[in-house]
Amino acid sequence: LQVLQVKCGNLKYYQSHLYSTVVPPDEITVNYRHGLPLITLTLPSRKERCQFVVKPMSSTVGSFLQDLQSEDKGVKTAAVFTADGSEIPASTLMEILLMNDFKLVINKITYDVQCPRKEKLSMEHAAEMDSVKSLVHRLFTALHLEEFQKKREHHLLERIDHLKGQLQPLEQVKAGIEARSEAKTSGLLWAGLALLSVQGGALAWLTWWVYSWDIMEPVTYFITFANSMVFFAYFIVTRQDYTYSAVKSRQFLHFFHKKSKRQHFDVVRYNKLKEDLAKATESLKQVRHSLSLRMQGEELSEKN
């Protein structure tokens, strides 16, 4: 949880040790203990004072209100507003909220909350804290990098096995569809060759046995012109040049997708799994390369 509940119940004893004045029973107070904000309020249903320790850098207004409602089921509605009445979004960090006074509305009852002013860190102290955080981060990375990479390698191996298990039945179905589509495409190409052979034989028979070349020459011209029109129409429809390899690939894909729909083969899911497998394999290769370089560096250090 981002907001940690500390203590609920009769807090008069604790308040006598924390404050020099008596706090009204319905007042919401904000104090700091060990550098963390401590919000004290009265639960509406149990009429008990309850304290919440807030992590200002990670908790949000929404998480605080959610924990408040979880602690007291009698809290039906809860919202936070600025001092001028503007509602504060649930995604706002508590650190930003506690910079100024605000209003907490619980079950349509408004509570004015005054936040104590914290002294801002000097620029030198802030820069020093940033350098310390950076140093801690580098030390943590150096000490745990190898362990992290081994865990990632194990995770990637499990993911690759899982993806291969999902792809195996799809690969079998895909292989069958590809074989039938390839056979049908090859049959169509052979049929085209047979048609051209019949056309050539018919033109030769008409030229030398039935008519003369003077009669058949215009016929062959118009046949050639008609073929050119067919090729140009193919380009207009497909936006591709009429080449035999392009026609074969296009016809193969047409048969493949048609048979995939009949056999309920999910092409989109198959492509997604193949893409995820390729990414996982590449990531595993990079992790193993990094581990190999690290081991080589350790071996050189031992020799020196």
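**Exercise 1.** In what order do the three strands of the open sheet stand, and is the pairing parallel or antiparallel?

*Solution.* Keep in mind that this is a predicted model. Start with the order: the open sheet runs β5-β6-β7, and its pairing is antiparallel. Next, look at the edges. β5 (78-82) and β7 each have a single partner strand, so one side of each is left without a neighbour in the sheet. From one strand to the next, the twist averages 25 degrees. Now zoom in on β5 and β6: five bridges join them, and A78 sits opposite I106 in β6.

**Exercise 2.** Work out whether N107 and K108 count as buried, partly exposed or exposed.

*Solution.* First find them: N107 is in the loop between β6 (102-106) and β7 (109-113), and K108 belongs to the loop between β6 and β7 too. N107 has 25% relative accessibility, so it counts as partly exposed. K108 has 78%, so K108 counts as exposed. While you're there, check the backbone: phi is positive in both non-glycine residues, near 50 degrees for N107 and about 65 degrees for K108.

**Exercise 3.** Check the span of helix α5 (residues 213-238) against 1.5 Å a residue.

*Solution.* The 26 residues should span 38 Å; the end C-alpha atoms are 37 Å apart, which agrees. Next, pick out the buried residues of α5: M216, T220, Y234 and T238.

Key. Residues are numbered from 1 along each chain as its sequence is written. This is a predicted model: local features need pLDDT of at least 70, side-chain atom pairs count only at pLDDT 80 or more; totals for chains, interfaces and linings use all residues. Side-chain values use heavy atoms; hydrogens and water are left out. Helices (H or I, at least four residues) and strands (E, at least two) are DSSP runs, numbered from the N terminus. The expected span of a helix is 1.5 Å times one less than its number of residues. Buried means under 20% relative accessible area, exposed over 50%, partly exposed in between (1.4 Å probe, protein chains only). Two strands pair if DSSP finds at least two bridges between them. Axes are lines fitted to C-alpha atoms, for helices over the stretch in contact, and angles run from 0 to 180 degrees between N-to-C directions.
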